Amino acid sequence: QVQLVESGGGLVQAGGSLRLSCAASGRTFSNYVMGWFRQAPGKEREFVASITWTGGRTNYADSVKGRVTISRDNAKNLVYLQMNSLEPEDTAVYYCAADRIKGAYISSRYGRPASYDYWGQGTQVTVSS
């Protein structure tokens, strides 16, 4: 079974940085796309960024472009989300997600939570003003 475990969340002041990690296990992820989503209290889960395990093709939400970088370490089965210039609006539970790419890769498809079969438990990020 696929397991995704997030870490790296915490409390940070506005303008600060955090790096989230997602440890993936349970199978070979060579044909997978990995995504990061977030959910603030009372709001829907929203897309942050995604990356294909092979090829490293990335996609970002407009709200985080220029402040966030997604990357992966194939040897360690880790996916990272580097977040800089954090704002109070970034406060949310951040989730790692995975899905096997079926057919052609279409980046917009992986901006939707329903496209992912596997989810981690989430890690809380709180940005104070």
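Modeller: Strands themselves are DSSP runs (E, at least two residues), numbered from the N terminus. Before we go on, this is a predicted model, where local features need pLDDT of at least 70, side-chain atom pairs count only at pLDDT 80 or more, and totals for chains, interfaces and linings use all residues. Residues are numbered from 1 along each chain as its sequence is written, and side-chain values use heavy atoms, with hydrogens and water left out.

Colleague: What makes strand 4 and strand 5 a pair?

Modeller: Six bridges join strand 4 (residues 32-39) to strand 5, and the definition asks for at least two, so they pair. The two run antiparallel. As an example, Gly-35 has Ser-50 in strand 5 as its bridge partner. The two strands form a hairpin with six residues between them, and Gly-42 in the turn has a positive phi of about 75°.

Colleague: And how do you know that strand 5 and strand 6 pair?

Modeller: There are three bridges between strand 5 and strand 6 (residues 58-60), in the antiparallel sense; at least two are needed, so this is a pair as well. Ile-51 has Thr-58 in strand 6 as its bridge partner. This is also a hairpin, with five residues between the strands and a positive phi of about 95° at Gly-55 in the turn.

Colleague: Why is Ser-50 called buried?

Modeller: Buried means under 20% relative accessible area (exposed is over 50%, partly exposed in between, with a 1.4 Å probe and protein chains only). Ser-50 comes out at 0%, so it counts as buried. Ser-50 sits in strand 5 (residues 46-52), where six of the seven residues are buried.

Colleague: What does Ser-50 contact, leaving aside neighbours within four places in sequence?

Modeller: Contact means heavy atoms within 4.5 Å. With those neighbours left aside, the partners of Ser-50 include Val-33, Gly-35, Thr-58, Ile-70 and Tyr-110.

Colleague: Is Tyr-32 buried or exposed?

Modeller: Tyr-32, in strand 4, has 3% relative accessibility, so it counts as buried. Not counting residues up to four places away in sequence, Tyr-32 touches Val-2, Trp-53, Ala-98 and Tyr-118, among others.

Colleague: What makes Cys-22 and Cys-96 a disulfide?

Modeller: The rule is a pair of cysteine sulfur atoms within 2.5 Å. Here the sulfur atoms are 2.1 Å apart, and Cys-22 and Cys-96 form a disulfide. The pair links distant parts of the chain, 74 residues apart: Cys-22 is in strand 3 (residues 18-25) and Cys-96 in strand 9 (residues 92-100). The link is left-handed, with -75° about the S-S bond. Cys-22 is buried, at a relative accessible area of 0%, and Cys-96 is buried at 0% too.

Colleague: How many disulfides does the rule give?

Modeller: The count comes to one.

Colleague: Which residues make up the covered face of strand 1?

Modeller: In strand 1 (residues 3-7), Leu-4 and Glu-6 form the covered face, while Gln-3, Val-5 and Ser-7 form the uncovered one. In a regular strand the side chains alternate between the two faces of the sheet. Strand 1 is joined to strand 3 by five bridges, and the two run antiparallel. Leu-4 stands opposite Ala-24 in strand 3.

Key:
Helices (H or I, at least four residues) and strands (E, at least two) are DSSP runs, numbered from the N terminus.
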